[in-house]
Amino acid sequence: MSVNQSAPPVPPFGQNQPVYPGYHPASYGGQPGPAVPASPYGAYNGPVPGYQQTPPQGVPRAPPSSGAPPASMQAPCGQTTYGQFGQGDIQNGPSSTAQMQRLQGSQQFGPPLAPVVSQPAVLQPYGPPPTSTQVTAQLAGMQISGAVSHAPPSSVLGYGPPTSLASASGSFPNSGPYGSYPQSQAPPLSQAQGHPGVQPPLRSAPPLASSFTSPASGGPRMPSMTGPLPPGQGFGSLPVSQPNHVSSTPSHALPPGTQMTGPPGTQMTGPPVPPPSMHSPQQAGYQLQQNGSFGPARGPQPNYESPYPGAPTFGSQPGPPQPLPPKRLDPDAIPSPIQVIEDDRNNRGSEPFVTGVRGQVPPLVTTNFLVKDQGNASPRYIRCTSYNIPCTSDMAKQAQVPLAAVIKPLARLPPEEASPYVVDHGEAGPLRCNRCKAYMCPLMTFIEGGRRFQCSFCSCVNDVPPQYFQHLDHTGKRVDAYDRPELSLGSYEFLATVDYCKNNKFPSPPAFIFMIDVSYNAIRTGLVRLLCEELKSLLDYLPREGGAEESAIRVGFVTYNKVLHFYNVKSSLAQPQMMVVSDVADMFVPLLDGFLVNVRESRAVITSLLDKIPEMFADTRETETVFAPVIQAGMEALKAAECAGKLFLFHTSLPIAEAPGKLKNRDDRKLINTDKEKTLFQPQTGTYQTLAKDCVAQGCCVDLFLFPNQYVDVATLSVVPQLTGGSVYKYACFQVENDQERFLSDLRRDVQKVVGFDAVMRVRTSTGIRAVDFFGAFYMSNTTDVELAGLDEDKTVAVEFKHDDRLSEESGALLQCALLYTSCAGQRRLRIHNLALNCCTQLADLYRNCETDTLINYMAKFAYRGVVNSPVKTVRDTLITQCAQILACYRKNCASPSSAGQLILPECMKLLPVYLNCVLKSDVLQPGAEVTTDDRAYVRQLVSSMDVAETNVFFYPRLLPLTKSPIDSTSEPPAVRASEERLSSGDIYLLENGLNLFVWVGASVQQGVVQSLFNVSSFSQITSGLSVLPVLDNPLSRKVRGLIDSLRAQRMRYMKLIVVKQEDKLEMLFKHFLVEDKSLSGGASYVDFLCHMHKEIRQLLS
Ligand SMILES: [Zn+2]
């Protein structure tokens, strides 16, 4: 059986071929053939008491005021730290256009080419795994330095909001809100972060199966301590406040000759014991024994201090007094994320990934590669934790590897890859299995000369309808297989018939409603003026279908504080009209005709309205807002217009005005690390769940832009966006001068991105496994249908599978994800993604075909969801235990026999410990003192919809040296590991994690470099906290600014820049992202966590 190499050189469906035989050509255009024109508004029962209609000619009166704003509203913001959360890249590119154009009628499925790969394919793991798939850790005797950590106590650091940030960041004028808008080029996909010209890694990782060597760390060696642990000092019984695995000073490069390679037989017999706090100089650390193993115990450890509250990560491991562990490992000798990423780029970045073979593990998300669809969905749509799943549930339970898929149904593809073809089966609709309702796909088997087909999901034999009949060739394949996307591709779309529409009626085009908080805070910050100005131009860039000249989406406008103001912007009016609804307890929509309008037709009235809104409320004193009634009003308006749509809410404060959904400030940091911590993540009222349910029923998706000065209860306010497939953006302490670029970039991208409305997603599986759990932003009213009021191109849904029967190696395991949705032009469609996985009876095959990045994505979502119901510590412990079980099972069943002292990791999972540690010490699971409750709720909901590439960089940020590579090099510099010891004070580095962007400047950077980049003559003159680099005409400045632009273009949210100087106060913000180091909040360093995992694994094996 051929693999990729035998694939035809050209995909069977050329993009430039004009005809598409066998299909209704018209249906390809993506034009809403059967779409119904905008329907007249539904029943409108005339005026309702409670609103006042202003005369048409008059500018509406100002809303009532309710007293001067309290002082607290004007207080400077105290939570700048996370100001950078909620950023994204600017994406004004023709997202919808670029993609939709390929849906036009100018496509053809080319003539059948040479046979590709028949389905189902034989078991062919992609590329033989290395024969030695183990990374062996001989945790040889090492001493850990007891030196006091470099990290000063938190009190000294002034860790917290960088007070200078806001003032400092305005030093350079912004380029203006509209300068770069619109962009005409779609930015590359996020995968583009892997640049083709891969450079040799800065440091080489240990070879496979090499020992983890163990140099001494930099600090002085302490005398060995032997002797049993005193009772109560075992690992498991440390005081809870004990910082776990605190490492000492980062070990520096090993002096020549001091490296201690484990001699044969050298073992890490003793599991690591957490070194004491970094304030305990008496700690001896890991010591080497004469025979290469370690003594059974360690000495008494007075002065266990706990400088950081809530520090422990690993709490609940009971155990006997632990033998003394080896001292810390050489960071260069443990698996390096950078090396793994580089290796994958080098090995897999040059060839396209051809999807014709079942169970192939795709390249890493950090590798830039092209995909050729030959029967399985692209990894841009679906990634799995493993591509070879155990045949039995017993095996799966033994391995503990979660079986999950992370699905991004509407993912944006790079321009080189064809968007899914649209197939029209006419009035009969898509062909499906009669029993399980799976859609026709390449996995179905045609039999009896083509008259029937057997469903590969449920084995049911179905008749082929006469109009679909086709002969089979000598291999049993339909002769038209390559003319039909649904018989040869992994991903495609069907036009849906009226049976797939609500109320058996084709949908109207969707609507966007902009709902703008005009309370005092929104006016004062300049937000309202900025937003109204932006909308005037942004409305020209609403999503369009295919080659449509204008968007079919209608728009409407609402402003609000304690009351709501609706606007009639009917094209025939000379001036907009405002209608005030003050009865917020019983929300209704006071006007139907003229509320949702076509932008072109009502252009003049809309422009007039957007000019007037900032003026109308300029003198407002109203500080109180409502929230739930605003969503209710938007949803009711869509209901009245009988369409789906999206609400864009721009909101500033905790909704304390008397109304449904009124909230109180219940933030209480004292709950952290208590059993009640979970309540911080729970909504404080059920109102919003009920409201969300109504929204989903109407296909009303809610995107929320928050501009809080203080606690706004993100956990509660984000309930509706979360359940309706929407997004939340947060700009703490918003100031136009500092934050407009970030906000406008996010807004532009959010408004323009491809989105499906009123969607239902269903994941079908072949017999033996089934989808049992789902993670993401959606609503479920039963156990199988994922309901999405809206689903945009960035959102993923993670799905977990469990066995309900035995699987066979021969037939494998099949997934089919079907997404029914309404396009932005109102066309009802089904997008189908198919993926075939292998099944195994040997655990080794499971471990050889895992995808750690996807595993981490899933485990993070699982953990983040768990904090609503369980204490955070329990959640962390569960993660650690599961990870240890996964690795212990490998050790026991798959690794070649070796001494128990060796830590052996599966090749595909050698980064599991380092990445898992990043999840464990993330802000949701182990917050630092500077992380607010709102930040945690915000990150939590953000991660729930992230794809694998995003979680990868979010948990393990990229750190790029800017001054090491040649100035004329055009490729991205090779990354270095996220650890302080990788920073050289003579260099400048850039760090990004998809939300945050830092430029770190070493204290001894050359003066010329400082001048070239910052236009000042010395390090001391660089403004700390700078958010814009000066535009200078020299190669270094151009290169760095270009790199920043390109990084921003790869990310979903605009990343605001913060310039950080070495040894500056702000540096603590930056160090938070050096995830291989011990964190201030008590999170373990990578080295220490690896030792801890080793201990856990050993316990499981003993
Ligand atoms: Zn079936």
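Biologist: Phe743: buried or exposed?

Modeller: Phe743 is buried, at a relative accessible area of 0%; buried is under 20%, exposed over 50%, partly exposed in between (1.4 Å probe, protein chains only). This is a predicted model, where local features need pLDDT of at least 70 and side-chain atom pairs 80 or more, while totals for chains, interfaces and linings use all residues. Residues are numbered from 1 along each chain as its sequence is written, and side-chain values use heavy atoms, leaving out hydrogens and water.

Biologist: How many aromatic pairs in the whole structure?

Modeller: The search finds 31. Rings of Phe, Tyr and Trp (its six-membered ring) pair with centres within 6.5 Å; planes under 30 degrees apart are stacked, over 60 edge-to-face, the rest tilted. Phe705 and Phe743 form an edge-to-face pair, 5.9 Å centre to centre with 80° between the planes.

Biologist: Which parts does that pair tie together?

Modeller: Phe705 is in strand S18 (residues 700–706) and Phe743 in helix H15 (residues 736–752), so the pair joins parts 38 residues apart in sequence. Helices (H or I, at least four residues) and strands (E, at least two) are DSSP runs numbered from the N terminus.

Biologist: And Tyr731 with Phe743, what geometry?

Modeller: Edge-to-face, at 5.5 Å between centres and 75° between planes. Tyr731 is also buried, with 0% relative accessible area.

Biologist: Which residues make up the cluster?

Modeller: Ring pairs link Phe650, Phe705, Phe707, Tyr729, Tyr731, Phe734 and Phe743.

Biologist: New topic. Which ring does Lys730 sit over?

Modeller: Its charged end is over Tyr938, 5.6 Å from the ring centre. The criterion is NZ of Lys or CZ of Arg within 6 Å of the centre and within 35 degrees of the ring normal. Arg478 lies over the face of Phe446, at 4.8 Å from the ring centre.
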